[in-house]
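I opened a new notebook page for this protein. My notes on what I looked up follow the display.

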Amino acid sequence: MSSTTSPTATDEISWVLTPLLELPGVLHAVIATGDGLVEGASDGLGRASAERVAAMTATLHAASRAFTTSFTDVEQPRLAQTVVESDLGFAIVVPAGENTSLAVFTTPEAQLGNVAYQMQVQVAALGRALASPARRQDATARS
């Protein structure tokens with residue numbers, strides 16, 4: 001039987017979440033695929049919640065693109081970020097590479113400029129990490 005433990009910030013690419021979760025007011029973070037699957041999630045977010053966030057992130061991005069297209073008639077607009085404000089806080093979603101998004105949830109008091117900036121820094125770091133070839137030992141170093 002498979003385990004239903006929650007995803008943690010130690011998952012494969014979840015290291016990108018750590019600096020975000022250290023910001024004042026950031027409560028949760030998720031890395032999601034474009035088809036709504038969890039790539040990584042913060043420790044405090046249960047598995048079921050992370051999966052719902054990932055699915056909604058994909059839906060939110062699709063709706064945001066369609067909404068922008070409705071205003072502009074541009075078929076594939078590039079989204080910079082999508083922000084949802086509620087009485088509980090802010091949900092911010094940014095593209096994080098090919099078919100990937102980064103989502104955070106903050107308290108209402110969070111400094112959104114700082115959060116958005118750090119999200120872009122982490123997206124750039126993630127892009128560099130995914131583009132880097134895997135390290136291989138040199139044949140001469142093994143002897």
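**Entry 1: fold**

I have four helices and five strands on the list. Helices (H or I, at least four residues) and strands (E, at least two) are DSSP runs, numbered from the N terminus.

Ground rules next. This is a predicted model, in which local features need pLDDT of at least 70 and side-chain atom pairs count only at pLDDT 80 or more, while totals for chains, interfaces and linings use all residues. Residues are numbered from 1 along each chain as its sequence is written, and side-chain values use heavy atoms, with hydrogens and water left out.

**Entry 2: confidence**

I looked up pLDDT, the predictor's confidence in each residue, from 0 to 100. The protein averages 85. At least 70 is reached by 82% of the residues. Over residues 1-10 the score stays under 50. For that stretch the model has 22 contacts beyond four places in sequence. A contact here means heavy atoms within 4.5 Å. Where pLDDT is low, the predicted coordinates should not be read in detail.

**Entry 3: totals**

I took the surface next. The protein exposes about 9,100 Å², by the Shrake-Rupley method with a 1.4 Å probe; for residues, only the protein chains shown count as cover. Carbon and sulfur atoms supply 55% of that area. Of the 143 residues, 36% are buried. Buried means under 20% relative accessible area, exposed over 50%, and partly exposed in between (1.4 Å probe, protein chains only). I also checked contacts between residues at least 6 apart in sequence: 48% of them join residues at least 24 apart.

**Entry 4: cores**

Which residues touch the most other members of the largest nonpolar core? They are Ile92, Leu102, Val104, Val115 and Met119, out of 18 residues. Such a core is a set of buried Ala, Val, Leu, Ile, Met, Phe, Trp, Tyr and Cys residues joined through side-chain atoms within 4.5 Å. Two or more residues each come from β1 (26-33), β4 (89-95), β5 (100-106) and α3 (112-131). Helix α3 gives the most, with four residues.

Leaving aside neighbours within four places in sequence, its contacts are Leu20, Val26, His28, Ala29, Phe90, Ala91, Ile92, Val115 and Met119. A second, separate core has six residues, including Ala32, Ala41, Leu45 and Ala50.

**Entry 5: the hairpin**

Ala32 came up again, this time opposite Val38 in β2. Strands β1 and β2 (residues 38-41) pair in the antiparallel sense over three bridges. Pairing requires at least two DSSP bridges between the strands. The two strands form a hairpin with four residues between them. In the turn, Gly36 has a positive phi of about 90°.

His61 lies in helix α2. Its relative accessibility is 6%, so I logged His61 as buried. Not counting residues up to four places away in sequence, His61 touches Leu79, Thr82, Val93, Val94, Pro95 and Ser101.

Gln122 is in helix α3. It counts as buried because its relative accessibility is 7%. With the same exclusion of residues up to four places away, Gln122 touches Trp15, Val16, Pro19 and Leu20.

**Entry 6: aromatic rings**

How many aromatic pairs does a search of the whole structure find? One. Rings of Phe, Tyr and Trp (its six-membered ring) pair if their centres lie within 6.5 Å; planes under 30 degrees apart count as stacked, over 60 as edge-to-face and the rest as tilted. The centres of Phe67 and Phe71 are 5.1 Å apart and the planes meet at 85°, so I wrote down edge-to-face. Both sit in helix α2 (residues 47-72), four residues apart, so about one helical turn separates them. Phe67 and Phe71 are exposed.

**Entry 7: positive phi outside glycine**

Asp73 has a positive phi of about 65° and is not a glycine. Asp73 is in the loop between α2 and β3 (82-86). Its relative accessible area is 65%, so Asp73 is exposed.

Asn99 is another non-glycine residue with positive phi, near 60°. Its place is the loop between β4 and β5. At 47% relative accessibility, Asn99 counts as partly exposed.
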